[in-house]
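Good morning, everyone, and thank you for making the time.

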Amino acid sequence: MGKLIFLVLGIILAWRVLKWYRKSMTRKEPPPAGVAEDMVRCAHCGVHLPRSESHASSGRFFCSEEHLRLHR
Ligand SMILES: [Zn+2]
C-alpha cells in the first residue's frame, strides 16, 4: 500500500515538473515566426518582403508573379 502512494506521488511530481518545464520553455521562445522571418529583396523593384511571401526563381526573389515574369 505504501508503495502505491509513493508511486502516485511520484507521478504527480513528475507531471508537475513536466508542466513547469513546458511553461519555462514557452517563455524562452523567440517572438512569433512572422517577426523573426527572413526578409528578401525583390530583384526587380527592390522592395523588401518576407521570404514566405516572395516568388523565388534561380536564387533570386521577387515580390510578385509579374516582377518574376518581367525579370526573365
Ligand atoms: Zn518587385
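Let me start with a question: is serine 58 buried or exposed? Serine 58 counts as exposed, because there are 7 C-beta neighbours inside 10 Å of this residue, and the cut-off for exposed is 12 or fewer. Serine 58 lies in the loop between strand 3, which covers residues 55-57, and strand 4, and its phi is near 40°, which is a positive value in a residue other than glycine.

Now let me step back to the whole chain, keeping in mind that this is a predicted model. The average pLDDT of the protein is 88, and 86% of the residues score at least 70. Among the elements, strand 4, at residues 60-62, has the highest mean pLDDT, at 96, whereas helix 2, at residues 33-36, has the lowest, at 58, and I would ask you to keep that in mind as you look at the picture.

As for the secondary structure, the protein has three helices and four strands, and along the sequence these follow the pattern α-α-β-β-β-β-α. Of its 72 residues, 7% count as buried. If we take the contacts between residues at least 6 apart in sequence, 10% of them join residues at least 24 apart.

Histidine 44 is partly exposed, because 17 other C-beta atoms lie within 10 Å. Leaving aside residues up to four places away in sequence, histidine 44 touches Phe62, His67, Leu70 and His71.

The other residue is serine 64, whose place is in the loop between strand 4 and helix 3, the latter covering 65-71. Serine 64 also counts as partly exposed, because it has 16 C-beta neighbours inside 10 Å.

Note on methods
Residues numbered from 1 in each chain as written. Predicted model: local features only at pLDDT ≥ 70, side-chain atom pairs only at ≥ 80, totals over all residues. Helix = DSSP H or I, 4+ residues; strand = E, 2+ residues; numbered from the N terminus. Buried ≥ 20, exposed ≤ 12 C-beta atoms within 10 Å, placed from the backbone. Contact = placed C-beta atoms within 7 Å. pLDDT = per-residue confidence, 0-100.
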